Amino acid sequence: MLDKITKVIRDYKEDPDIVITKDTTFAELELDSLATVELVMNLEDELGITIELDQNIKTVGDLIKILEK
Amino acid sequence: MGLRILSTGISLPKTAVSNDRLATMMNTSDQWISSRTGIKYRHIASGDENLTSLSIAAAGTAIERAAIRVSDIDMIICSTMCGDYVFPSLACCVAEALGVTCPAFDLNAACSGFIYALDIADKFISTGRSKHILIVCAEMMSRLCDWTDRSTCVLFGDGAAACVVGEGNAIKYINLTSDGHTHLLYQQVGSGNSPFRPQKEPGFLVMAGQDVFKFAVSKVGQQTELALQALNLTPDDIDLYILHQANKRIIDSARARLEQPEEKFPTNIDRYGNTSSVTIPLLLDELLEAGSIKKGTKLLLSAFGAGMTTGTCVMIWE
């Protein structure tokens with residue numbers, strides 16, 4: 001899952017070298033609240049699922065937990 | 001026979017408030033507002049400005065440009081979330097000022113209201129019941145917002161935009177939806193002073209920003225796809241996409257998903273903010289005045305708003 005999220009983030013940021021770990025925060029990636037929604041929508045397209053928005057998603061690990069539920 | 005838009009007219013409160021001015025009143029900044037919304041100014045009603053006077057001014061311009069007599073108008077539809085009175089309707093206030101006695105009523109489909117009004121007008125004209133319908137979109141968002149909530153009050157502006165529609169064949173497709181997510185964007189009324197119910201103060205506008213953003217971007221895409229499929233068109237076939245001006249980031253995101261160039265998605269949100277159902281006719285008026293819309297121009301109008309509602313219309317300008 002981390003690989004898929006990493007790909008979506010790299011595509012979104014147009015930066016193929018960004019290193020993403022579970023502890024990476026969206027704030028570190030300079031993604032504000034609306035950019036995070038765009039990223040979630042891109043991830044939905046990539047995975048073919050619907051993701052419920054959650055105000056508590058702060059890190060990539062938080063997002064993975066939601067996706068694994 | 002359906003309709004075509006004969007003319008448009010707009011009216012805005014005289015005071016344009018900049019982000020910098022808002023930053024002197026609350027904890028915000030031009031950078032914060034601009035980067036998240038694309039908004040730099042919004043017009044805010046002050047003094048004795050009200051929705052009726054803005055509506056009459058916009059309607060007057062539209063009637064004059066349509067080169068019809070006021071008495072030719074045989075229906076008035078106002079799109080507003082909240083007129084100057086709970087009743088009578090804003091449309092009746094406009095009818096009174098114009099001195100006409102035709103049917104006049106308000107509709108509330110929030111920010112999608114203009115497309116809803118167009119569809120209703122189209123049906124009345126199609127059946128021969130009406131010949132010239134005045135549509136006025138008018139919103140005073142500044143009295144709905146909580147001015148202590150910096151995350152919402154900076155987003156909205158006040159204004160009115162009108163159009164006169166008459167017989168024609170401009171509309172090729174129109175689709176309206178509502179999807180039941182009423183809790184994402186709402187404003188509660190008060191309880192009055194009834195002794196039979198608990199007292200409840202009227203509320204302010206409440207918005208779940210991230211959810212509304214997601215709804216808007218996904219619905220603009222889905223509804224556009226449906227419209228294009230129905231007409232056997234591709235995104236490239238549309239000359240101009242006139243989207244509800246709620247947030248520049250929504251427009252950019254929807255545009256990227258349709259893989260279309262920026263010039264096909266005109267905006268004016270930088271100068272007016274989100275004026276709800278006014279945004280689309282306000283932008284149409286500016287584009288017509290600038291000569292950017294001509295006979296034959298293919299337009300896709302797309303609105304979304306509280307409800308959550310959507311309205312989508314493909315029009316070939318006549």
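**View 1. Chain B meets chain A.** The contact draws 10 residues from chain B and 7 residues from chain A. Two residues count as in contact if their C-beta atoms, placed from the backbone, lie within 7 Å. On the side of chain B that touches chain A, the elements giving two or more residues are α6 and α7 (248-258) of chain B. Helices (H or I, at least four residues) and strands (E, at least two) are DSSP runs, numbered from the N terminus. α6(B) gives the most to this side, with 7 residues. By class, the side of chain B that touches chain A has 2 nonpolar, 4 polar and 4 charged residues. Ala, Val, Leu, Ile, Met, Phe, Trp, Tyr, Cys and Pro count as nonpolar; Asp, Glu, Lys and Arg as charged; the others, Gly among them, as polar.

The model is predicted: local features need pLDDT of at least 70, side-chain atom pairs count only at pLDDT 80 or more, and totals for chains, interfaces and linings use all residues. Residues are numbered from 1 along each chain as its sequence is written, while chains are lettered from A and ligands numbered from 1 in the order in which they are written.

**View 2. Residues where α2(A) meets α6(B).** From α2(A) come Ser33(A), Leu34(A), Val37(A) and Met41(A). They meet Gly209(B), Gln210(B), Phe213(B), Lys214(B), Val217(B) and Ser218(B) in α6(B). The residues of this contact are 5 nonpolar, 4 polar and 1 charged.

View 3. Domain 1 spans 2-168 and domain 2 spans 173-316. These bounds come from an automatic or database domain assignment. The C-alpha centres of the two domains lie 15 Å apart. In the contact, 41 residues of domain 1 of chain B face 40 residues of domain 2 of chain B. On the domain 1 side, α5(B) gives the most, with 7 residues. That side has 21 nonpolar, 12 polar and 8 charged residues.
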